[in-house]
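This report describes one protein chain, beginning with a single residue and widening to the chain as a whole.

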Amino acid sequence: MKRILAALALVLVCTAARAQQWAVQTNLMDYLNFGTLNVEGAVAFHQHWSATAVAKLNPFHFKKGGEPLNARQQVLGAGVRYWPWHVYSGWWAGTRIQYQEYNRGGIKDPSTDEGDRWGLGLSGGFSYMINPHLNIDVGAGFWGGWDRYTTYSCPVCGLIKDKGARAFILPNDLLLALVYVF
């Protein structure tokens, strides 16, 4: 993961800072997932291509009827988007390599899952230009890969129910994002 982020940083540094080359966005739908903070940066390196880097963080603890409830996570990802018409405008399709550390429990039942996931994602969507510097992105995606997990009987007891590794395919992004284009 460090090599991917270093390569993305190199692309960002080596790209000339011209108008409409950089963008930063936040996904409003992630805030509905227990207040997950998120930011995604992008740099256009061709008329039809942009490189992206995403970070998400949810360190919050909640209580439901006195019982712990959480959907904590840390996510790092890097990828590219293809824009058939022009970068930051219209339809797009993207791919991303991603790492997620998670701890989720008390939502459907008292058990808690925690672990690490690595994988690749595919997504697509549309970027609507409100003005030259403000866009709204809508889109959806999924990702799959490898999950190393531990399941506990309850959020605080520490009794292990299950432990192991497995392949997964999950929804990745439900996107309704505000985008600022530099």
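At 6% relative accessibility, Tyr88 is classed as buried, a term for residues under 20% relative accessible area, with exposed meaning over 50% and partly exposed the range in between (1.4 Å probe, protein chains only). The model is a predicted one, in which local features need pLDDT of at least 70 and side-chain atom pairs count only at pLDDT 80 or more, while totals for chains, interfaces and linings use all residues. Residues are numbered from 1 along each chain as its sequence is written, and side-chain values use heavy atoms, leaving out hydrogens and water.

Tyr88 sits in the loop between strand S5 (67-82) and strand S6 (90-105); helices (H or I, at least four residues) and strands (E, at least two) are DSSP runs numbered from the N terminus. Although not a glycine, Tyr88 has a positive phi of about 65°. Phe34 also has a positive phi without being a glycine, at about 60°, and is placed in the loop between helix H2 (28-32) and S2.

| Residue | Relative accessible area | Class |
|---|---|---|
| Tyr88 | 6% | buried |
| Phe34 | 26% | partly exposed |
| Asn58 | 2% | buried |

Tyr88 belongs to the largest nonpolar core, which has eleven residues: Ala23, Ala42, Ala44, Trp83, Val87, Tyr88, Trp92, Leu175, Ala177, Val179 and Val181. Such a core is a set of buried Ala, Val, Leu, Ile, Met, Phe, Trp, Tyr and Cys residues joined through side-chain atoms within 4.5 Å. Strands S2 (37-46) and S9 (160-181) are the elements giving two or more residues to this core, and S9 gives the most, with four. Ala42, a core member, is in contact (heavy atoms within 4.5 Å) with Gln21, Trp22, Ala23, Ala51, Thr52 and Tyr88, leaving aside neighbours within four places in sequence.

Asn58 lies in strand S3 (residues 49-58). With neighbours within four places in sequence left aside, the contacts of Asn58 are Asn33, Phe34, Gly35, Thr36, Ala71, Arg72 and Gln73. A polar atom of the Asn58 side chain lies 3.5 Å from the backbone oxygen of Ala71.

The protein chain has two helices and nine strands, in the order α-β-α-β-β-β-β-β-β-β-β from the N terminus. Of its 182 residues, 39% count as buried. Among contacts between residues at least 6 apart in sequence, 59% join residues at least 24 apart. The chain exposes about 10,100 Å², of which carbon and sulfur atoms supply 67%; accessible areas come from the Shrake-Rupley method with a 1.4 Å probe, and for residues only the protein chains shown count as cover.

Technical notes:
Polar contact = N/O pair within 3.5 Å; in protein donor to acceptor, adjacent residues only side chain to side chain.
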